[in-house]
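Colleague: I have a few questions about this fold. Can you walk me through it?

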Amino acid sequence: MTLIGEREARILERGKQRLMACDDWLTRDELDALMSHMAFGPNLDIDGMVRDGMLFSIKLDGAEYFPRYSFNSSDYSYIEAMQMIITVLGSQKDGWGMAFWFGSSDGCLGGRQPKSVLTEDPRAVLEAAELEVCGAMHG
């Protein structure tokens, strides 16, 4: 690994640790327990949600984690806009890329993190995701 590659790897690792230090992530068992209290379709499960682009995951040290912010904290309902946002971001980002995007400040959202704006203004988060993928267009 080159010096630049080692530096980038250290930065990436610190970023992952920062994200994991937040209370934003559910293990599969925790999400399964949460979903047992929700009113989803009769056959919808975690793997189905991931397959259908409703949910993304990240993997760290052999464990898989799912974003808690995909669900409304007041009633644990699924935030419907997540599927559209994941579809947009998924064209260019993997799970970790999406995790970093949701957990980083965004100028389109007044410097707030997309995960913090999601429940109050999902449309603004979707628009920020579209700009993230398409970039600012200049005339």
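Modeller: One definition to start with: two strands pair if DSSP finds at least two bridges between them. Keep in mind that this is a predicted model.

Colleague: Which residue in β3 is the bridge partner of Trp25?

Modeller: β1 pairs with β3, residues 63-67, in the antiparallel sense. Three bridges join these strands. The partner of Trp25 is Pro67.

Colleague: Which strands stand at the edges of the sheet?

Modeller: The sheet is open and antiparallel, with its three strands in the order β1-β3-β2. An edge strand has a single partner, so one of its sides is left without a neighbour in the sheet. That applies to β1 (25-27) and β2 (58-60).

Colleague: What angle does the direction of α5 make with that of β2?

Modeller: Two helices come up here. Helix α2, residues 28-35, packs on the sheet, touching β1 and β3. Helix α5, residues 95-102, also packs on the sheet, but touches β1 and β2. Its direction makes an angle with that of β2 of about 100°.

Colleague: Which residue caps the N-terminal end of α5?

Modeller: Look at the backbone nitrogen of Trp96. A side-chain oxygen lies 3.2 Å from that nitrogen. The oxygen belongs to Asp94.

Colleague: How many residues does the largest nonpolar core have?

Modeller: Nonpolar side chains tend to be buried together in soluble globular proteins. Here, Trp25, Leu31, Phe56, Ile85 and Phe102 have the most contacts inside the largest core. Phe102 touches Phe56 and Ile85, among others. The core has 40 residues.

Note on methods
Residues numbered from 1 in each chain as written. Predicted model: local features only at pLDDT ≥ 70, side-chain atom pairs only at ≥ 80, totals over all residues. Heavy atoms only, no water. Helix = DSSP H or I, 4+ residues; strand = E, 2+ residues; numbered from the N terminus. Contact = heavy atoms within 4.5 Å. Axes fitted to C-alpha atoms, helices over the stretch in contact; angles between N-to-C directions. Core = buried A, V, L, I, M, F, W, Y, C linked by side-chain atoms within 4.5 Å. Buried < 20%, exposed > 50% of the residue type's maximum accessible area, 1.4 Å probe, protein only. Polar contact = N/O pair within 3.5 Å; in protein donor to acceptor, adjacent residues only side chain to side chain. Lists of a residue's contacts leave out its neighbours within four places in sequence.
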